[in-house]
Amino acid sequence: MSEWETVIGLEVHVQLATKSKIFSGASTLFGSSPNTQACNIDLGMPGVLPVLNEEVLKMAIKFGLSINANINSPTQFARKNYFYPDLPKGYQISQLDNPIVEGGVLEITLKDGSKKKIRITRAHLEEDAGKSLHEDFEGLTGIDLNRAGTPLLEIVSEPDLSSPEEAVAYLKKIHSIIRYLEISDGNMAEGSMRCDANVSLRKKGSKKLGTRTETKNVNSFKYVEKAIQHEMRRQIKILESGKRVTQETRLYDSQLDETRPMRSKEYANDYRYFPEPDLLPVVLSEDFINSVKDLMPELSEEKEKRFIKEYKLSDYDANVLSVDPNLSNFFEEVVVRSRDPKLAANWIMGELSAFLNKENLSILETKVDSINLGNLLSRIEDSTISGKIAKEIFEEMWNSKKSPDEIIEEKGLKQVTDSSEIEKVINQVLEQNQSQLEQYKSGKVKLFGFFVGQVKKASRGKANPEQVNKLLEERLKE
Amino acid sequence: MSLKNQDLEQIAYLARINIDKDKFPSLKKELESILELVAKMDSVNTESVVPMSHPLDLSQPLRKDKVTEKDDRKNLQKNAPSIKAGLFMVPKVIEVED
Amino acid sequence: MTELHKLSIKEKLKGLKDSTFSSQELTESYLKRIKKLDNKINSFITVLEERAVKSAKEADQRYASGSALPLDGIPIAHKDIFCTEGVLTSCGSRMLSNFISPYSSTVVKNFEGSGSVVLGKTNMDEFAMGSSNETSYFGEVKNPWKEDYVPGGSSGGSAACVSAGLASGATGTDTGGSIRQPAALCGLTGIKPTYGRVSRYGMIAFASSLDQGGVLTKTAEDAAYMLKTMSGHDPKDSTSLNVEVPDFVKEINKEIKGLRVGLPKQFFSMNLPEYVERSINESLKVFEKLGVKIIDVDLPHIDLSLPIYYVIAPAECSANLSRYDGVKFGYRCEDPKNLEDLYMRTREEGFGSEVKRRILIGTYALSAGYYDAYYLKAQKCRRLVANDFKETFKSVDLILSPTAPDTSFALGAKTSDPVEMYKQDIFTIPANLAGLPGISVPCGQHQGLPLGLQLVSDNLEESKILRMAHHFQLNTDWHKSWPELD
């Protein structure tokens, strides 16, 4: 592998979360009974005409602005001609020249923390096709056109990705952006985000691009990684045996973890694009674009920078907490109450994450909400409880849904901070451990830890550790 | 502009229209005479001319994102050649194109 | 009693208002004539007897209660290209010979809303492709003026039925001349408005950037009435013009004195039959007497029109007709063996030869390697033609020419060579390319067959061409004659 380098470009289709379709007023809700959300326009009935949904423009512009791309005006639709039963008109209304978004860059963060800029070639609008159902129908296929006409944003990257890891990081970044912008739920399993991978190899240092294959039907981050890895292995084998890679479209089979070529006639993919005569050029005025700008939420990059500046979080913490809009909202809500951002960050990425992962829950399904976590953390800050006790309380909160104060009260877990109280316990412990005290006095300073442990035990963890240390030190000096 | 049989086969496939081989000669002649008519454009210099896709010099009107259509399946499927469980039925599709 | 069918729309409206006759009487008289005469002419694909009588009764009720709509009770026909809910809408094709439309086009709705009585759906060249109405799956239409002669096309059925007195007026569509040319061949007034004036929603598409709905009537005045109802902005059609519709009926009475008419020298240097030239010259004399100025003009790229059209129209139609695949509606071949077979045989059997020719040419013109030479080239040349008109309209108000290169021809006379047939549209195509409004009015006769002259004006100036046509008709009698049928 070391003499070869991989060149990867990804095409991501994002289903835009509009209420109605891109060219008709039918609903886009997922999961309805077949063909109950396909109106005459979606079915391509004789005489029907497309009318453009304003919201799709706004969503595409949001995406374009978030990656600092050019917004083309006018932008034009085109017909992409091919025959398939789930494509009712026998052509898909898409964009060829003057796509709505062109250029742009997004930054990905890799596991080792390094960052890489990936250029976007373009992002354009098009309509989705329907669905073909092959099972349960002897020798026949059933077509459901509910999905036909759902708006898609096709995002095409330059071949700037060089490894499966980068490809996955890129996809995750796209996923995060589209969810942040609320333009899509990015659910790969449900098909609202789909990925095709273009993979080619070339000798390290070569400037020429090798022959690429396009792999379709990868519907999870994991499969994208595996499909690309498979393609890389397959292509290396071919190239090393002196043969040439065939330019073709392949399908990924997740069961067998392999890609297979799709059979089709050579000239089958002559799409004969031409400008869509039923739709006029779309003019996007400065006002229109600015109105969209005003609606944009803070993006994860901006948020990350702000977390570092405002909350003094580490780069790593800031990055982790800013990727998911729900997580970052949660974090900020906790900080309102706890006022110690570092503590909040630690607890969210530590304790809370562990509990969520154990039960396979997302942050939205957390059993301890931000208010209660915030309150718990503020109790640590005001020394009502120690950090260790807080962990016990957290578990109780998770299981019982009670508030921290309720639990502290019920279980009498208030930290003992009263010096006289602690001194009492210290005296007790020292009395009960005379021989160790002697040893300490004669030089075995390591026994300090032993005494701390004993005081902790005797106070059942409630004694404030800092105070214990301080008072014990003083006492032992005497 | 002469068309080869292969060209005709290719266009017929792209257009998904079956044409019997015995019809090829006459069809070729007809298409070639149309292409001859069309060739008159070749002599005109159009280098700096902006193509005209629409007779109107206007921009696309927009529609608000609202659901305005409700389920009309029964009516819309009245003309369907083959329906099963609300689906349009076709002979099994072998290649999964997505 | 005056034959009711010979009354103009204006006279009919007056008669209905004054209760001289009822809509039911009017409608029934038309239905009787259709039964008697249409067997030979074949202008109707579907006659809607019950519906028509019902509508007529409702119109009569509205007249009685004083709440009559603009065209209430007037019996008309719709070209079978306009989707009509619950009614067979075949587009003259086997492909849609079983298609009962689940919705109505805006045009049909507009007429419904004005109270018109729909007598039926008229015959047409298949998918609007043709100039003689010989390509219909439902058989040829005959020109009422001469047996076994063509009525023109593609709105041949609409032309034949109005000229035979089987409807007061009929809707049509015009992509390269399909309203104007049959109007000329059948002695009628036919108008194609500015592109975007009439909604294309529900008007089965042939070539999207060229198609436009219009009307065929006996007179310009009748056309004004119908065009007013038919036109208007439609949010369901993105290419529909969002402008006010002038009151064409009022407009036609405005003055034409001082209007300048251009005669393109390219059109007048063709070797047209002597009688065609004569009819035009006589007509020019009429216009001059009415104070119209005649000027020679130059449309240097006009002879590119036919080549341009025969790339763009087939290209757009090749995509528009891809939806006819036997999957969701329409014809399906028997026992398809697999998906490919379903497509290939459905489309082989469902489409006629002219449609197939155009789909193939269109597919070729758009295909890889040919797009620039054909489609792109044609779109550029189109711009040149449109610019010629723009330039010319700086110095004239209208452009005049014959509508068709000759009178009607015998059935079968031009079917062996497609390009021969295409030449029928040589004068009409330019207006479609530039999106301009055009009208044809009867201006002569030769050996019992009508001749027409065409007027084209700048965008949105239908008023000018209607005015000119109306004043011409106030000063000539060609539009008044009827074919001998009874």
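Colleague: Let's start with Gln447(C): is it buried or exposed?
Modeller: Gln447(C) is exposed, and its relative accessible area is 61%. Keep in mind that this is a predicted model.

Colleague: Where is Gln447(C) in the chain?
Modeller: In the loop between β10 and β11 (449-457) of chain C.

Colleague: And what is phi of Gln447(C)?
Modeller: Near 50°, which is a positive value in a residue other than glycine.

Colleague: Which loop holds Leu460(C)?
Modeller: Leu460(C) sits in the loop between β11 and α16 (462-474) of chain C. Its phi is positive too, about 70°, although Leu460(C) is not a glycine. Leu460(C) is partly exposed, with a relative accessible area of 36%.

Colleague: Now cis peptide bonds. What is omega between Gly153(C) and Ser154(C)?
Modeller: Near 5°, and that peptide bond is cis. Ser154(C) belongs to the loop between β3 (117-122) and α5 (156-163) of chain C.

Colleague: Over in chain A, which residue does Ser73(A) join through a cis peptide bond?
Modeller: Pro74(A), with omega about 0°. Pro74(A) is in the loop between β3 (70-71) and β4 of chain A.

Colleague: Since β4 came up, what is the strand order in the open sheet of chain A?
Modeller: The order is β5-β4-β16, three strands with antiparallel pairing. β5 (91-94) and β16 (274-275) of chain A are the edge strands, and each pairs on one side only.

Colleague: How many bridges are there between β4 and β5(A)?
Modeller: Four, between β5(A) and strand β4 (residues 78-81) of chain A, in the antiparallel sense. Within that pairing, Gln92(A) in β5(A) has Lys80(A) opposite.

Colleague: Back to chain C. Which residues of strand β5 are buried?
Modeller: For β5 (residues 189-192) of chain C, Thr189(C) and Ile191(C) are buried on one side, and Gly190(C) and Lys192(C) are buried on the other. Both faces of the strand are therefore covered.

Colleague: What does β5(C) pair with?
Modeller: One partner is strand β6 (residues 213-217) of chain C, antiparallel over three bridges. Another is strand β10 (residues 438-446) of chain C, also antiparallel and joined by three bridges.

Colleague: Which residues stand across from Gly190(C)?
Modeller: Leu216(C) is its bridge partner in β6(C), and Ser440(C) is its bridge partner in β10(C).

Colleague: How many residues of strand β9 in chain C are buried?
Modeller: Five of its five residues, for the strand at residues 398-402.

Colleague: Does β9(C) run parallel or antiparallel to strand β7?
Modeller: Parallel; two bridges join β9(C) to strand β7 (residues 260-264) of chain C. There, Val261(C) has Leu398(C) as its bridge partner in β9(C). With β11(C), by contrast, β9(C) runs antiparallel over five bridges. Leu398(C) takes part here as well, opposite Ser457(C) in β11(C).

Colleague: Switching to chain B: how many helices and strands?
Modeller: Chain B has three helices and three strands. From the N terminus they run α-α-β-α-β-β.

Colleague: What is its radius of gyration?
Modeller: Chain B has 22 Å, whereas a compact globule of 98 residues would be near 13 Å. The C-alpha trace of chain B spans about 55 × 45 × 25 Å along its principal axes.

Colleague: What share of chain B is buried?
Modeller: Buried residues are 45% of the 98 in chain B. Chain B exposes about 5700 Å², with 48% of that area coming from carbon and sulfur atoms.

Colleague: And what about the charges in chain B?
Modeller: There are 16 positive and 17 negative ones, and their mean positions are 10 Å apart.

Colleague: Last topic: what is the mean pLDDT of chain B?
Modeller: It is 91, and 94% of the residues of chain B reach 70 or more. Among the elements of chain B, confidence is lowest in helix α2 (residues 24-38), at a mean of 92, and highest in strand β1 (residues 62-63), at 97.

Conventions: Residues are numbered from 1 along each chain as its sequence is written. Chains are lettered from A and ligands numbered from 1 in the order in which they are written. This is a predicted model: local features need pLDDT of at least 70, side-chain atom pairs count only at pLDDT 80 or more; totals for chains, interfaces and linings use all residues. Side-chain values use heavy atoms; hydrogens and water are left out. The radius of gyration is taken over C-alpha atoms; the globule rule is 2.2 Å times the number of residues to the power 0.38. Buried means under 20% relative accessible area, exposed over 50%, partly exposed in between (1.4 Å probe, protein chains only). Accessible areas come from the Shrake-Rupley method with a 1.4 Å probe; for residues, only the protein chains shown count as cover. Lys and Arg count as positive and Asp and Glu as negative; His and the chain ends are not counted. The place of a charge is taken as NZ of Lys, CZ of Arg, CG of Asp or CD of Glu. Two strands pair if DSSP finds at least two bridges between them. pLDDT is the predictor's confidence in each residue, from 0 to 100.
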